Amino acid sequence: MSLVEKDQKYIWHPFTQMKTAEPALPIVKGEGTLLIDDMGNSYIDAISSWWVNLHGHSHPYIAEKVYEQMQKLEHVVFAGFTHQPAVDLCEKLSKHMPDNQAKFFFSGDGSSAVEIALKMSVQYWRNKGENKTRFVALDGAYHGETFGAMSAGARSIFSAPFSDLLFESTHIPFPKDEQAAMQSLKTEIAKGDVAAFIFEPLVQGAAGMRMYKPETLNKLLQICKEAGVLCIADEVMTGFGRTGTTFAVNQIEAKPDFICMSKGLSGGTLPLSLTSCTQAIYEAFLGDDIQKAFLHGHSFTGNPVGCAAALASLDLLEKKECQEAIKNITSSHKTFAKKLEALEIINEIRQTGTILALELKADSSGYASSIRQKLYTDFLNQGVLLRPLGNVIYILPPYCIQEKELKKVYKVIQDKLTELSQ
Ligand SMILES: Cc1ncc(COP(=O)(O)O)c(C=O)c1O
């Protein structure tokens, strides 16, 4: 049996269980931005493998640091024990974060990082003797796939089968309409039961790379701060340079109470996530009463090998070359976007830092949009991995992407959009 046949026999892939799904493509090697299949064909990974990869695939420096750590300590229970990579990672990370972030709680994926922030928010209020359990989020929000994260997110085809089981949360208008979002946030907060406001800062990923201004985000956070409502910045997608700064919240003055990180945290090498919070949050869990403690912790919490990968990735991110690359990608996107403006098929072009989104005119939008699958296949056949979100084509590349690779990505998109505009 071939690899593909065995794959079809055993493996349940995400998003591809429809009867019409193409067989999964066997990838045997990754190098830089390239993914290479078993026939030797290469694909430019223009979406950083679901937004995780920062410095390219199988990066030798990260591989070396992971190997070194594997030989010293692969894992240890993180309740009651500690190790150098975890401590070094939090110390190094904190230099890039708003200065109110004091404590770090480890888990293994973005949904868990969010779940932990949600649970900590509710328990924070309980520990203070207040019953605040409702979350306010943005229209279109996506915060992950565990039940809490799904409940905080907007209702969609992804959450529909579970709708009866989700707890209620409130979704205020998307802040492109600043006044509507601010007014609605104030109205919800006035009801007195809001535990926290959770948001994807500046860019909503899964909703189709929808973007809003730092000034607007700042105003929303100020409203929460004045009312004592906790703020959770979900930086699972936006973190680690995607928006031009290491964290999107670095572009605003107001400071969130929690920051959720994953994906780029380990440079896309190993599953790892963090929920950071303020000292005030942490202190609300301290005391003699065990009931006040946060009695949760996943098996692979603080995995030393994941931390070693994250430390290595941060080393690379801090390098001048990488910061230059982020600036270059940002300005290349700007130039490319200008070339597309006049095309008939374009509905809207959006850009924040290294993320460029091209929203097309289409009969239907959203994940089930018919244009999506066709674009995906056409691009892949030309050696470029782009996974449109409904009628939105977006580029979110690893920072190591070479100029000629980026040009190729632009060319396949421009050719396609020109064809569709005729
Ligand atoms: C903003 C945001 N939060 C949370 C998640 C969930 O992360 P994970 O898939 O690692 O559970 C994602 C995933 O795409 C995301 O974009």
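## A briefing on strands, rings and domains

Strand β10 (residues 230-234) and strand β11 pair in the parallel sense over three bridges; strands here are DSSP runs (E, at least two residues), helices are DSSP runs too (H or I, at least four residues), and both are numbered from the N terminus. Two strands count as paired if DSSP finds at least two bridges between them. This is a predicted model, in which local features need pLDDT of at least 70 and side-chain atom pairs count only at pLDDT 80 or more, while totals for chains, interfaces and linings use all residues. Residues are numbered from 1 along each chain as its sequence is written, and side-chain values use heavy atoms, with hydrogens and water left out.

**Around strand β11**

- Strand β11 covers residues 258-261, and Phe-258 in this strand is the bridge partner of Ile-232.
- Turning to another pairing, β11 and strand β12 (residues 273-277) run in the antiparallel sense over four bridges.
- In that pairing, Met-261 stands opposite Leu-274 in β12.
- Phe-258 and Cys-260 point one way from β11, Ile-259 and Met-261 point the other way, and all are buried; buried means under 20% relative accessible area, exposed means over 50%, and partly exposed lies in between (1.4 Å probe, protein chains only).

**Cysteines**

- How many disulfides does a search of the whole structure find? The search finds zero, a disulfide being a pair of cysteine sulfur atoms within 2.5 Å.
- Cys-260 is in no disulfide, and the nearest cysteine sulfur, that of Cys-277, is 10 Å away.
- Seen from Cys-277, the closest cysteine sulfur is in Cys-260, and 10 Å is too far for a bond.
- Cys-260 counts as buried because its relative accessibility is 0%.
- Cys-277 is buried as well, with a relative accessible area of 5%.

**Aromatic rings**

- A search of the whole structure finds 13 aromatic pairs. For a pair, the ring centres of Phe, Tyr or Trp (its six-membered ring) lie within 6.5 Å; planes under 30 degrees apart count as stacked, over 60 as edge-to-face and the rest as tilted.
- Tyr-124 and Trp-125 form an edge-to-face pair, 5.0 Å centre to centre with 80 degrees between the planes. Both Tyr-124 and Trp-125 are buried.
- Phe-285 and Phe-294 have ring centres 6.1 Å apart and planes at 85 degrees, so this pair is edge-to-face. Phe-285 and Phe-294 are both buried.
- Phe-15, Trp-50 and Phe-158 belong to one aromatic cluster.

**Charges over rings**

- The charged end of Lys-132 sits over the ring of Trp-125, 4.4 Å from its centre. The cut-offs for a charge over a ring are NZ of Lys or CZ of Arg within 6 Å of the ring centre and within 35 degrees of the ring normal.
- Lys-103 lies over the face of Tyr-282, at 4.5 Å from the ring centre.

**Two residues to look at**

- Where is Ile-116 placed? Ile-116 is in helix α5 (residues 110-127), and with a relative accessible area of 2% it is buried.
- Not counting residues up to four places away in sequence, Ile-116 touches Phe-105, Phe-106, Ser-107, Thr-275 and Phe-294; contact means heavy atoms within 4.5 Å.
- Ile-116 and Ala-149 are 33 residues apart along the chain, and their C-alpha atoms are separated by 9.4 Å.
- Thr-33 has its place in the loop between β1 (27-31) and β2 (34-37), and counts as buried because its relative accessibility is 2%.
- Leaving aside neighbours within four places in sequence, the contacts of Thr-33 include Tyr-43, His-57, Pro-398, Cys-400 and Glu-405.

**The sheet with β1 and β2**

- Four strands form an open sheet of mixed pairing, in the order β1-β2-β3-β15.
- Why is one side of β1 and of β15 (384-385) left without a neighbour in the sheet? These strands stand at the edges, each with a single partner strand, so one side of each has no neighbour there.
- β1 and β2 pair in the antiparallel sense over four bridges, and Ile-27 stands opposite Asp-37 in β2.

**Domains**

- The chain is divided into domain 1 (3-58 + 323-421) and domain 2 (62-317), with bounds that come from an automatic or database domain assignment.
- The centres of domain 1 and domain 2, taken over C-alpha atoms, are separated by 27 Å.
- At their meeting place, 26 residues of domain 1 are in contact with 24 residues of domain 2.
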